[in-house]
Amino acid sequence: MIKIALPAGELRRPLSQLLSRVGLEVPGYGDGSRSYRLALGDRAQVRVFRERDIPVQIALGQYHVGICGAVWVEEFLARHPRQEVVKLGALPLAGPTLFLMAAPSTAQTVADLSRLAEPCIVSEFPYLAEALALALRLPRYRIIPVWGGAEVYPPEDADLALALASHEQEVERMGLVPLLAVLEGPPVAIAHRQAMKALDMSWLLSALASLGLSAVSGMRLPPSLAGLGLRARPPAREREVLRVALPDGHQQPHVLGALAEAGLSFPGYAEGERRPLGPRDGIEAKVIRPQDMPQMVALGAFDVAFTGRDCFLEHIYRFPSSPVAVAMDLGKGAFNMSAVVSVDLPAETMEEAVAFWQREGRPLIRIASEFVAIADHYARRRHLWRYRVIPTAGASEGFVPEDADLLIEGTETGRTLAENRLKAIDVLFRSTTCVVVGRHPPGGRRGELLRWFLDALRPVAVAGSATI
Amino acid sequence: MFLSRVCSPMEEPLRCPGMHDLLPEEMERFRQIEEVFCHTCRQWGYQEVRTPTIEHLFLFTAAGTLSAQMLGRVYSFLDWDGWSGERVVLRPDSTIPVARLYIEHMGEAPLAKLFYVQNVFRFTEGEREEWQCGVELLGDTQPLGDVELVLLGREVLSRLGLGPLGVRLSHPGLVRAVLGRTGLSAGEQLRLYDAILEGEQEALAQLRERVPDLAPAVDLMLGEEGQGSNYVRNLRSAFAKALPEISRPLDELEALAETLEALGLMPMVTGAMVRNFEYYTGPVFQLLVGDVVVGGGGRYDALVEVLCGRQVPASGFALYMGRLLPLVTRPPVAAPTVWVEAADGSAATVAVAFQTASILREKGMPAQVALTRGVSRGEPRLVVGPQGMMAFRAGASAGHQVGSVEEALTVLSGGSEG
């Protein structure tokens, strides 16, 4: 049976309407059913993924046809150019554009980039950013991959952002200059190359073709900035201001609670401001994704950050020498990072699961996780020998058992696990909201402010939780 | 063993794609090439260096180093302390790391003559790890330096007993001059150039269409090759008026070709030869054994300046181990190994066996203790035990009782017994 991967998120409704027009109606898809497993009559299985996971699933051959934003396909192919992904065409739906953007003080045109000794590019699409840097022949550059909100980084924390926006005006509304439209991003249909060669998918491909698929425009690469030699790095700027990174998403309520208990107010934070005010003079704040905080502290962009222990460990397992540490644990937002398998697996422990897979002669263990470094660390520590970590962008529960054998996943009450016929067989660690700081504390005025800030938080923290 | 059933060599290789094991017989030929290369380089006054396997990616990304196509095939990654966002790379090329080494350690020296034997890593359909015997000459040596490099490379090949030897010359300035007239972007020019090198006639046709007034030059310079300085002079006479940018490259090529001709060599000359390396600025050459290109290199006068801002002309070449290995015959086997066998498994007898093997080696006879039964396969044997020593010549089934290691040596050196 043909297996189709469709995107979650904002694309669900318009895509569902479009597919219905050519007889590809997937019950439950357009109305946002919580189920990840759907069907297209008895002709195809449909699974709903986060967009960025779809090219991975098609390349692995676990799904035969998929639809997702062009930018995710190009990002995947920039990293794995020889993967088994065939681009069938772009769907007649509007999509965002990928822009290279800068603060007005940094650059007004692409040519201005030649003034920068070592541009730092922040992006959710690090491999496209890399391709762009290589095409420009930037002699030296840094790329900071982030989970989202790249546009909030320039100019303080990056020179450039490579991020999606609807149009140039939207970039300008962010206070940035759109230097280059790199990629038009309508949803595209892709297929697994081997499935195209061997499997009769003609009814599906004809239906998609009848939508009027257009050629997929690749990345629009600029000409090189000729004649740039290597230049010495500019000296690091010493700043007086203490910079605090506050999280959005599921960590935000926990951090708001802790700050309130500590008597620290960041006006605008609760209202969704990206740049809330600080609790006193000399302290400024920015709201970024919790996953990106440890790296930004390591880079010296922030002095203090609030993030989950899961995000901290993901960073430190990936970069053991990174100069970041947990200053204190706030004990909030607790959940277990667990090893999760199907309820049908006859195993209650990891050892039993491994023994079962051994008996079955599995070629390798497929581990799906949003936390690639944590999953990798766990697999090494438990000597799983041959394994493959499949990176996911979330919603991992739907991966087992068809697309993965094991999940490394945050579990709170166990209800979601039960709903998806899953069970936890091991707990890696308990994750709570932590305060992360640099290993080398600043001196001067900034050092004083840091001590004041941490002292205010200390009564709220779990005693003895610091790692430095 | 866990998962062993599906990982047997019959079903799926355990090595990574594009990676190659060098087996004992292959390693003997590898070492032979390496030893001849190193010995020859030392005799010519070159000194050996070795650079790290991992380098900063930024060394290779600036314009004037590697082409964008090549950069798209390097093994780059964020290493364990890559939290700063800066990537590192498994060296895809050795010239750039050696130039870096020169800048960091020898920058004051007016002349550095360096050689190395090391591997490079590139993502390709075939072999992804390639061993190279390379030479770099840093300092103002033109035009003598280019001549020396060609002769040094040929001498290595000659000492390896290879032939017939050939040299092919080119100059990146020729193809850059033509492509510069097309109005294409740098990336498009490079793609077209690569297609021409792949022998795609369509690419040549496309180029002719773009520069119709230069069509004869395109055909001759990029599609054909000619002999030595005569060909260079003809190209200049025919095309330099319409394409003056080729005059300087042709002058440099002529100087090199004339000197090689005076040395009795007849180099071939072509306009299209080197790919993926942007750093070449002057004459480039290939070394051939028959029709097989076994090495190549050229002049890269701007590279050091790109890396450190200081002008240091340079040139170099590398011999490709993967191409040479099939051409080189196995070196003659040295004296056969003597197998020393312990007559029983007692600690005292085993100790005597190891001591005896050690004495034999000290006396210049390769010797090893037989760790398992029946491994000697007709080679000379010396059985030691409480009853003394019994020496068996190669192929002999009957032994000679001997009273000392010296006596055993005399017997075992006596050749084989029918």
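Predicted model: local features only at pLDDT ≥ 70, side-chain atom pairs only at ≥ 80, totals over all residues.
Local features need pLDDT of at least 70 and side-chain atom pairs count only at pLDDT 80 or more, while totals for chains, interfaces and linings use all residues. Residues are numbered from 1 along each chain as its sequence is written, and chains are lettered from A, with ligands numbered from 1, in the order in which they are written.

**View 1. Where chain B touches chain A.** Chain A puts 31 residues into the contact and chain B puts in 24 (in contact: C-beta atoms, placed from the backbone, within 7 Å). On the chain B side, two or more residues come from each of H2 (58-61), H3 (68-71), H7 (186-197) and H12 (303-308); helices are DSSP runs of H or I with at least four residues, strands are runs of E with at least two, and both are numbered from the N terminus. H12(B) gives the most, with three residues. By type, that side of chain B splits into 13 nonpolar, seven polar and four charged residues (nonpolar: Ala, Val, Leu, Ile, Met, Phe, Trp, Tyr, Cys and Pro; charged: Asp, Glu, Lys and Arg; polar: the others, Gly among them).

**View 2. Ile67(A) in strand S4 of chain A.** Ile67(A) sits in S4, residues 65-69. Why does Ile67(A) count as buried? Because it has 24 C-beta neighbours inside 10 Å, and buried takes 20 or more other C-beta atoms within 10 Å, exposed 12 or fewer, partly exposed in between, with C-beta atoms placed from the backbone. Beyond four places in sequence, its contacts include Leu6(A), Leu91(A) and Pro187(A).

**View 3. Helix H10 of chain A.** H10(A), residues 309-318, is mostly covered, with nine of its 10 residues buried. Among them are Arg309(A), Phe312(A) and Ile316(A).

Methods: Contact = placed C-beta atoms within 7 Å.
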